[in-house]
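The sequence and the structure are shown first.

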Amino acid sequence: MSNITKSILKTAGGLHNAGIMSDETHDKFKEYDSHSIKVLSDVDKEDFPWYMAQVLADKYIRPYEAIQRAMEVCSLTGTDISYFEERYLKGDRSIPENETYSLAYMEILLDERAKAWIVK
């Protein structure tokens, strides 16, 4: 058992003893080992938003964070990712604007800006 695994289990034990972590969650930590790790195939990876965000960022040479933000908005608004890709990455303005998407995107940008001001 690696030192990292020992450290994680020790922390989990402390949280469990303090009543912060449930018995069920604590048991899951104890069951975790190297056999719990699964290497994903390329097909499996496509199910994960972070992977798709990286694929689109590489394909269209855009910042990963911007793509990730747009995909978050798609998820929140129930908008298909193809809308974002076609309208904003490919620049197809013949696709009508999705007002719900646009308003949600603006809200997230404003929220991020407000958080950045607080940090400074």
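Helices (H or I, at least four residues) are DSSP runs, as are strands (E, at least two), and both are numbered from the N terminus. The model is a predicted one, in which local features need pLDDT of at least 70 and side-chain atom pairs count only at pLDDT 80 or more, while totals for chains, interfaces and linings use all residues. Residue numbers start from 1 along each chain as its sequence is written, and side-chain values use heavy atoms, with hydrogens and water left out.

**Packing of H5 and H6**

- Helix H5 (residues 64–77) packs with helix H6 (residues 81–89) at an angle of about 135°, and their axes are 9 Å apart; axes are lines fitted to C-alpha atoms, for helices over the stretch in contact, and angles run from 0 to 180 degrees between N-to-C directions.
- H5 and H6 are therefore oblique to each other.
- Ile67, Ala70, Met71 and Cys74 of H5 make the contact with Ile81, Phe84 and Leu89 of H6, where contact means heavy atoms within 4.5 Å.
- By class, the contact of H5 with H6 has seven nonpolar, no polar and no charged residues; Ala, Val, Leu, Ile, Met, Phe, Trp, Tyr, Cys and Pro count as nonpolar, Asp, Glu, Lys and Arg as charged, and the others, Gly among them, as polar.
- H5 passes H6 in a right-handed crossing; a crossing is right-handed if the near helix is turned clockwise from the far one by less than a right angle, and left-handed if anticlockwise.

**Packing of H4 and H6**

- Helix H4 (residues 49–60) and H6 pack at an angle of about 15°, with axes 13 Å apart.
- This angle makes H4 roughly parallel to H6.
- The crossing of H4 and H6 is right-handed.
- On the H4 side the contact is made by Leu56, Lys59 and Tyr60, and on the H6 side by Ile81, Glu85 and Leu89.
- The contact of H4 with H6 comprises four nonpolar, no polar and two charged residues.

**Salt bridges**

- The structure holds four salt bridges, each being a side-chain nitrogen of Lys or Arg within 4 Å of a carboxyl oxygen of Asp or Glu.
- One of them joins the side chains of Glu85 and Lys59 (3.5 Å, N to O).
- Glu85 lies in helix H6 and Lys59 in helix H4, so this pair ties together parts that are 26 residues apart in sequence.
- Glu85 counts as buried at 15% relative accessibility, whereas Lys59 is exposed, with a relative accessible area of 54%; buried means under 20% relative accessible area, exposed over 50%, and partly exposed in between (1.4 Å probe, protein chains only).
- Glu112 forms a salt bridge with Arg69, with the closest N and O atoms 2.9 Å apart.
- That pair links distant parts of the chain, with Glu112 in helix H7 (residues 99–119) and Arg69 in helix H5, 43 residues apart.
- Glu112 is partly exposed at a relative accessible area of 35%, and Arg69 counts as buried at 16% relative accessibility.
- Asp111 forms a salt bridge with Lys115, the closest N and O atoms being 3.3 Å apart; both residues lie in helix H7, four residues apart, about one turn of the helix.

**Surroundings of Tyr101**

- Tyr101 is in helix H7 and counts as buried at 2% relative accessibility.
- Tyr101 touches Ala70, Val73, Cys74, Thr77, Thr79, Tyr83, Phe84 and Tyr88, not counting residues up to four places away in sequence.
- Between Tyr101 and Cys74 the C-alpha to C-alpha distance is 6.9 Å, although they are 27 residues apart in sequence.

Note on methods:
Angles under 35 degrees count as roughly parallel, over 145 as roughly antiparallel, 65 to 115 as roughly perpendicular and the rest as oblique.
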